[in-house]
Amino acid sequence: MKILKKLSLRYQLMLWNTFLILFALITTGWAINSLVKNTVEKNMVKDLTASVVSIQKMIDTTVNASIHNYLRGIGEKNVDMLDQLHKEAAAGKMDLAEAKEMGEKILLNQPIGKTGYIYALTSDATLAVHPVEGMKNRNVSEYELSQKQILEKKGYVAYTWKNPGEDKEREKVLYMAYFEPWDWIVSVSSYREEFIALFDIRDIQAAILSFQFGQSGSSFIMDGEGNFLVHRQLTGNLSLLKDSESWAALLAEMKRAGTGTIRMEWHEKQGEAPRERLFFSHHIPSLDWFVVSSVYSDEIRQQLNRIHQIILAAILMILLILLPFSLYLGRSITRPLVRLAREMEQADSGVFDIRAEETASGEIGRLAAHFNAYMARLKTVHHELNREIEERIKAAAQLNIFKKVFENALEGISITDADGHILDVNQAFTDITGYSREEAAGQNPRILKSNRHDDAFYKEMWDQLKTRGYWAGEIWNRRKNGEAYPEILSINSIKQDDGEISHYVAVFHDISEMKLQQEKIQHQAYHDELTGLPNRYLVRDRLSMALKAARRQHTMVAVIFLDMDNFKFFNDSLGHASGDVLLQTLGDRLRKIIREQDTVARLGGDEFLVIAGDIKFQKEVLELADRLFEAMKAPFVIDGHELLISLSVGITLYPEDGADADLLMKNADMAMYQSKISGKNRYHMFTPELNRLALYKMEMVKEFRTALTQKEFRVYYQPKVDPATNCVLGLEALVRWQKQDGAPVSPGEFIPMAEETGLILQLSRYVLEEACKGLKILKERFAFPLTLSVNISPLEFKQPDFADNILKVVSSHLLAASSIEIEITETTMITDLKSTVEKLNVLKTEGVSIAIDDFGTGYSSLYYLKKLPISTLKIDKSFIDDMTTDQNDANIVETIILMAKNLGIEVVAEGVETKEQFELLAKYKCDLIQGYYYAKPMPLKDLILYLEDMS
């Protein structure tokens with residue numbers, strides 16, 4: 001290209017003109033050559049394909065004709081035999097039934113190929129003759145083949161058929177001959193492949209060999225074993241040939257491809273270079289034949305070589321003519337241009353008064369005129385450009401100053417277009433938001449949206465921008481890392497001369513630090529500096545708000561005043577620093593006890609206050625107080641010292657004890673003082689009635705603990721009797737409390753209290769020990785077997801070592817686990833199904849029986865009966881009481897008994913008191929009866945007498 005540029009314009013035109021025409025000729029020749037080549041090859045492939053298809057059709061036609069003639073001969077021969085039998089029957093030599101029977105035998109005794117047979121079909125599609133047993137007299141009109149036979153009655157039919165157990169359909173052929181006297185459509189049928197032997201390849205050999213392609217191309221047929229069936233020159237098996245390797249490779253490729261075009265490098269003679277050979281093969285599966293047409297590829301290229309020579313000669317001839325013509329054309333065109341170029345060179349010095357000669361004709365003359373006009377305008381523009389350059393230098397200096405201000409401003413700045421797309425941001429924008437200039441460019445300022453403002457806020461912002469042209473205010477946005485932050489933001493719209501808005505400029509300042517300082521000051525004003533809890537000012541405000549909510553919702557608010565017992569002693573003994581840590585730890589523990597919506601505050605010193613709103617029942621307040629005292633049982637570890645802390649607590653309730661915050665706090669303080677003077681470590685209700693209940697509960701807990709120590713509890717036994725034999729088969733252990741002064745305490749009072757306080761665990765262990773002792777005595781005294789049932793509380797069942805404890809106690813008294821039955825309620829059973837199944841399976845494996853107490857009052861789900869290893873159901877007393885007067889209860893009891901028996905589960909009816917109840921349960925075949933009808937719960941000595949009487 002460098003050499004070409006050094007040439008003059010006339011020679012460049014000559015060379016470019018020659019090159020373009022030569023390029024066009026070569027391209028056209030190449031396209032013609034490619035088109036001819038593709039056409040010749042396609043035609044040759046098409047000829048090969050057409051020849052193979054023609055040969056295949058000849059084979060199919062010949063095979064079909066052979067099969068058709070063969071089957072037709074069999075069919076017409078059999079019709080002739082049937083006609084002879086019919087004539088003999090008509091002549092009286094035999095009756096018609098005998099003739100048909102003989103005809104049927106003749107048809108069935110003729111094998112057709114390997115699997116073929118002859119059958120006869122009537123015009124109503126009923127099989128008159130068929131070799132398969134059970135098919136005769138069967139109507140087969142539902143088959144499409146049968147419908148065609150009925151319609152045509154005679155002729156040749158080809159179809160596909162799949163027998164039961166076969167994977168795919170196969171081709172089948174059939175010839176029909178109609179014998180009208182008996183209305184028999186005699187059908188000769190077999191698979192088409194069995195008649196291939198009728199075909200003689202010699203019938204079409206001459207036609208196959210007539211196909212020729214080029215000088216050596218031809219068609220041939222080879223079977224799957226490599227035997228040449230038809231070939232111009234070759235016979236026998238390919239293994240006998242000199243080029244057997246090429247033929248073997250061809251056969252393998254044809255087997256793989258089946259049907260299609262194959263190109264191979266063909267080694268015809270050893271030592272000679274291979275020639276490419278083109279084959280088109282088609283596989284005939286039924287014959288395992290390959291019909292092939294082939295030709296050498298170089299015979300196709302011989303035609304192309306002649307075309308190449310013609311094209312090359314044409315290009316050389318055109319080139320010889322083109323060179324002098326291009327030279328003449330270049331000189332003619334460039335002569336005036338050369339003169340114009342010399343004149344333009346003089347203008348390069350900066351003299352704008354140079355003018356070109358306009359005498360040339362045509363485009364060159366017009367070009368000279370335009371050049372002169374251009375030089376005149378260029379002179380004018382040159383002066384204007386110099387003036388504009390001076391102005392631009394001044395503007396650039398000013399813009400550079402603005403750029404420095406923009407980049408170094410402490411406030412974040414963003415510039416958007418009229419549609420809100422960010423065009424540019426400064427470094428402060430990146431420092432504050434985390435978005436770089438590249439990340440922000442093209443985005444909408446919505447990427448900073450914090451979702452702390454509603455749609456109305458943004459609507460008002462944009463309305464003001466449109467009407468006033470600016471907006472300023474405080475707003476929350478979000479940084480790239482997701483952190484929300486406050487900022488002071490001002491947005492101004494930039495308008496064009498026509499008043500249309502072209503840009504928006506937003507300037508903002510991060511005020512996060514300012515907000516944090518404000519929040520810190522506000523937090524210090526309303527929170528205790530030591531514990532971080534709300535102080536007296538904030539808790540009074542929250543209590544006022546809780547009272548307003550309670551008035552609207554008609555609920556109660558509890559105010560709980562807490563004072564640490566003996567705090568002065570701890571503070572003086574351990575030091576004020578440790579005392580402060582103790583107060584902080586107590587605050588943390590109180591915060592964990594209360595609900596999320598409640599408030600715990602420190603009023604000062606060792607005084608704390610808890611506000612519990614949304615109270616619906618007084619019981620909730622007592623439960624909260626119990627949790628407070630329960631939380632104090634764990635020691636406080638302060639500087640290595642374990643401290644047991646107690647609280648004196650006073651409780652007031654809105655609205656009973658006061659209607660405003662100050663009064664409630666005052667009354668709670670008074671109630672707390674009452675706890676102090678009553679001995680500390682307790683709570684006192686300001687309401688007299690609640691105070692009485694609390695004192696009673698505390699007293700009962702105290703007495704209960706004493707009763708456990710002094711063994712005031714007694715185990716009573718209630719028999720379970722078989723209604724059919726009146727034999728005692730089981731006992732239920734029940735606990736009774738009789739104080740030292742002889743006063744009994746109802747289980748309905750102390751059992752719930754024991755469950756609530758956790759003392760039920762000690763009581764249950766005591767009852768199990770005493771009941772096992774009693775059972776041991778009974779087993780030594782009486783020979784008949786007894787099963788002892790023990791009630792298990794939900795709290796006891798939740799213990800991780802529950803099953804081990806039961807088995808250890810039973811084993812310690814030398815009792816078999818099978819003599820013990822535990823009773824659990826439905827509610828206990830479904831609390832944690834997975835854990836329940838695991839625990840009960842442990843007991844069941846050891847032999848302990850499982851009973852569901854109070855069945856019918858809980859969930860009563862059949863799913864649990866199926867899932868759990870249940871052995872006994874106890875029907876609740878509430879159903880037994882009314883079963884003699886309420887048919888619904890009677891039906892429920894009967895249904896439970898029937899269901900349990902079907903599941904193999906024993907049924908116990910508890911609370912049976914009347915003869916009518918007993919008789920109805922006996923009628924329903926209930927397994928065991930428990931209740932006053934037989935006996936009340938009794939101590940062990942009375943039970944022994946009762947069992948002796950029953951014996």
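1. Helices (H or I, at least four residues) and strands (E, at least two) are DSSP runs, numbered from the N terminus. Bear in mind that this is a predicted model, where local features need pLDDT of at least 70, side-chain atom pairs count only at pLDDT 80 or more, and totals for chains, interfaces and linings use all residues. Residues are numbered from 1 along each chain as its sequence is written, and side-chain values use heavy atoms, with hydrogens and water left out.

2. Helix 14 (residues 567–574) has Phe567, Phe570 and Asn571 as its buried residues. These cover an arc of only 95° around the axis, which puts them on the same side of helix 14; the arc is that of the directions from the helix axis to the C-beta atoms. Lys568 and Phe569 are exposed on the face turned away from the buried side. Buried means under 20% relative accessible area, exposed over 50%, partly exposed in between (1.4 Å probe, protein chains only). Just after the helix, Gly575 takes a positive phi of about 105°.

3. Lys676 lies in helix 17 (residues 661–677) and Asp565 in the loop between strand 18 and helix 14, so the pair ties together parts that are 111 residues apart in sequence. Asp565 is buried at 2% relative accessible area, while Lys676 is partly exposed at 21%. A salt bridge here is a side-chain nitrogen of Lys or Arg within 4 Å of a carboxyl oxygen of Asp or Glu, and the whole structure has 33 of them.

4. Five strands form an open, antiparallel sheet in the order 2-1-5-4-3; two strands pair if DSSP finds at least two bridges between them. Strand 2 (127–129) and strand 3 (155–161) are at the edges with a single partner strand each, so one side of each is left without a neighbour in the sheet. Strand 4 (residues 170–179) and strand 5 (residues 184–191) pair over eight bridges, with Val173 opposite Ser190.
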